[in-house]
Structure formats: C-alpha cells, structure tokens
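Dear colleague,

Please find below the structure for your records. My findings follow directly after it.

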Amino acid sequence: MPTYFEELELIEKGGIKPTYFIYGDDFFLQEEAIKAICQSFSKAGSLPDRKIFYGGEKTDGSFIQSLVSVGMFSSRQIVIYKNINQISISVRKQLLQYLDNPDINTLLILAAVGQKKSKFIESLKRKSRVISVWTPQHKSFPGIVFRYLEKKGYKIAPVALEILVSSTDDSLSHTFSELEKVLVYIGERKSINADDIRSIVGGSKKYQMSDFIDAVSNCDLYSSINTCMALIETGIKTPYFVSSLYNYFVNVWAYPKVHIKYSEVKPWEKWKILKYRKGYENYKNCDFGFIINRLTDVDLKSKSVNLSTEELMIPLLYEIISTKKRKDGK
C-alpha cells in the first residue's frame with residue numbers, strides 16, 4: 001500500500017480513482033489529501049460542481065440522491081462526506097451498493113477522522129481507495145514539513161525546522177498552524193531561519209528543548225541548568241527532559257558505529273547528524289553506560305518519588321557533565 005505522500009504524488013500526476021476513503025486521526029493530512037484529490041480531478045475536464053456533507057439524517061437523503069442522479073445529466077461533480085461514520089444506518093446499504101459501481105462523472109470522497117473499527121468502516125476500506133491519515137511518528141514530522149515548504153518554494157534552515165517540530169509535534173495540525181503564522185510573519189521572503197521560528201512559535205517562551213540539548217552537548221553546566229529551569233517554568237516535566245536526553249545520548253554513542261554517508265542523508269536530517277558528531281567529540285571519552293543508567297533511574301524516580309522536576313534534573317545534569325570531565329581528567 002502506498003504511503004501518504006506516494007499516494008498524493010500519484011494523484012497529482014492524474015491517477016485519480018472514483019472513490020476515496022480518507023481514514024485516520026490527523027485533520028491536517030485529511031484536508032491536504034482532499035485538496036489534492038479535488039485539484040487533480042478538476043484539471044481532468046470541465047469544472048465540476050462541489051457538494052459537501054457533514055452527517056445527519058436531514059442531509060443523508062440529499063447525499064445519496066446526488067450520487068444516483070448525476071448520470072442523467074452527465075455533469076461532473078465532487079461529493080465529499082466528512083463524517084462518514086455518522087451517516088444514518090438507513091442509507092448505508094445504498095452507499096455500499098453505489099461503491100460497487102461508481103459513476104465516472106463523480107468523484108466521491110469519504111472521510112472519517114479518529115474513528116474506531118466497525119463492519120461499516122471495513123466495508124468502505126474494501127470498496128474505496130484508502131488514504132491513511134494517522135498522525136505520523138515524531139521522526140516523520142521534519143520530512144513532511146520540509147516537503148510542504150519545498151513545494152511552495154520556501155527553504156528552512158535545519159535548526160529552524162528542528163525548533164518548529166520539537167515545539168509542536170503533538171499533531172501536524174499544531175505544526176502547520178504555527179507554520180502558517182511564520183509564513184505570514186516573513187512576508188515575501190522565501191527563507192525561514194531559527195529566529196523566525198523563535199519569534200512566532202511558543203509565544204513568550206525564551207527557550208526550546210533544542211536549546212537545552214545544545215547546552216548539554218556543549219558540556220556547559222551553567223547554561224544547561226539555566227535553560228532547564230526556564231523550560232521547567234513553561235511546564236515541561238521530568239519525562240520529557242529524560243526522553244530527549246536519552247534519545248540524544250543513544251545517538252551520540254551510536255554515531256561512530258552507525259556508518260552514515262553524510263552526502264546521502266536527507267536535508268532535514270543533516271543538522272541532527274552534525275549535532276551527534278559534535279556531541280560525540282565532546283563526550284567520546286565519557287561512560288555512556290553510566291549516563292543511560294542515570295537517565296533510567298531518574299525516569300523511574302519521577303514516577304515513584306515525590307520530588308520536583310528541579311530536584312531530579314539539576315543533580316542529573318551535574319552528574320552527566322561531570323562524568324565527561326572525570327573521564328577527561330579535567
């Protein structure tokens with residue numbers, strides 16, 4: 001089954017199917033898929049009529065009628081039903097029958113965001129072209145944002161991309177909502193830098209998690225503690241600090257063992273590779289086993305001991321940076 005972006009590429013090249021079922025929990029991806037499908041269908045012939053339904057007994061009759069009557073007039077149309085799980089039971093059978101033999105003049109898009117499995121949903125998946133729009137993993141966010149901006153003619157600095165993603169990776173809708181603000185902020189300029197992101201994303205936040213990781217990477221105890229305290233004031237808790245540090249140090253430890261050809265790395269990932277290389281240069285003589293064990297210990301304590309984030313993180317930072325100094329003999 002093609003990935004989301006592979007499917008969109010097929011659609012943009014004119015590979016349109018008569019019926020689509022967009023299924024998942026990410027509203028932004030759903031809207032982008034609908035937009036791409038409609039634009040491609042519109043280019044393939046005369047300008048189609050467009051009808052949108054949102055579910056409910058009062059409109060379901062009109063929805064079904066719009067599907068079965070279009071052939072009489074041979075007009076092209078786009079029919080979108082956005083909450084297909086809410087369609088009344090009385091017309092579900094008619095819809096499934098239509099999907100067995102859809103009209104070539106009609107583009108039918110059915111969408112369900114964040115819905116549980118059901119026999120009806122499974123039937124729609126069997127009878128339609130499915131586009132999955134589940135919220136992707138954190139590691140996929142940079143690539144999605146990069147492709148989106150590249151398509152629109154924008155360039156974004158790797159560090160700016162990292163700050164944007166690390167601040168908004170709870171959902172793509174959040175990420176792109178903030179990104180739209182940034183695009184308005186930069187005006188006609190086609191390049192986005194870290195200061196642009198910091199000026200818009202997070203409002204009054206002075207620091208981001210990436211600033212904290214940079215301070216630890218530089219073995220700067222004062223800056224690490226200062227940044228950590230600032231982030232604590234914004235509401236960040238121990239588990240987020242620990243998971244960020246754990247991910248960073250595992251990649252730093254693995255840097256010389258994972259043979260990465262820098263020239264083949266995707267553009268939005270090069271910044272991370274450079275960060276891991278820098279971190280390895282600073283921590284290569286440290287005891288990585290000790291660091292990982294301390295991170296695990298602090299994570300457990302955050303769930304079982306009545307200590308504040310400050311009481312857990314400050315000693316941890318001192319131990320991490322001190323173990324590097326002990327190994328260096330400094």
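Residues 24 or more positions apart account for 78% of the contacts (heavy atoms within 4.5 Å) in the protein with a separation of 6 or more. This is a predicted model, in which local features need pLDDT of at least 70 and side-chain atom pairs count only at pLDDT 80 or more, while totals for chains, interfaces and linings use all residues. Residues are numbered from 1 along each chain as its sequence is written, and side-chain values use heavy atoms, with hydrogens and water left out.

The protein contains 15 helices and seven strands, taken as DSSP runs numbered from the N terminus (helices H or I, at least four residues; strands E, at least two). Of its 330 residues, 44% count as buried (under 20% relative accessible area, 1.4 Å probe, protein chains only).

Two helix pairs share H10. Helix H10 (residues 209-217) packs against helix H12 (residues 238-254) at an angle of about 50°, with the axes 11 Å apart; axes are lines fitted to C-alpha atoms over the stretch in contact, and angles run from 0 to 180 degrees between N-to-C directions. H10 and H12 are therefore oblique to each other (under 35 degrees is roughly parallel, over 145 roughly antiparallel, 65 to 115 roughly perpendicular, and the rest oblique). From H10, Met209, Phe212, Ile213, Val216 and Ser217 make the contact, and from H12, Tyr240, Phe241, Ser244, Leu245, Tyr248 and Phe249. By class, the residues of this contact divide into nine nonpolar, two polar and no charged (Ala, Val, Leu, Ile, Met, Phe, Trp, Tyr, Cys and Pro are nonpolar; Asp, Glu, Lys and Arg are charged; the others, Gly among them, are polar).

With helix H11 (residues 221-233), the axis of H10 comes within 8 Å, and the two cross at roughly 160°. That makes H10 roughly antiparallel to H11. The contact involves Met209, Asp211, Phe212, Ala215 and Val216 of H10, together with Ser223, Ser224, Thr227, Cys228 and Leu231 of H11. The contact of H10 with H11 has six nonpolar, three polar and one charged residues.

Cys219 lies in the loop between H10 and H11 and has a positive phi of about 60°, although it is not a glycine. Most residues other than glycine have a negative phi. Cys219 is buried, with a relative accessible area of 12%.

Yours sincerely

Definitions and conventions:
Buried means under 20% relative accessible area, exposed over 50%, partly exposed in between (1.4 Å probe, protein chains only).
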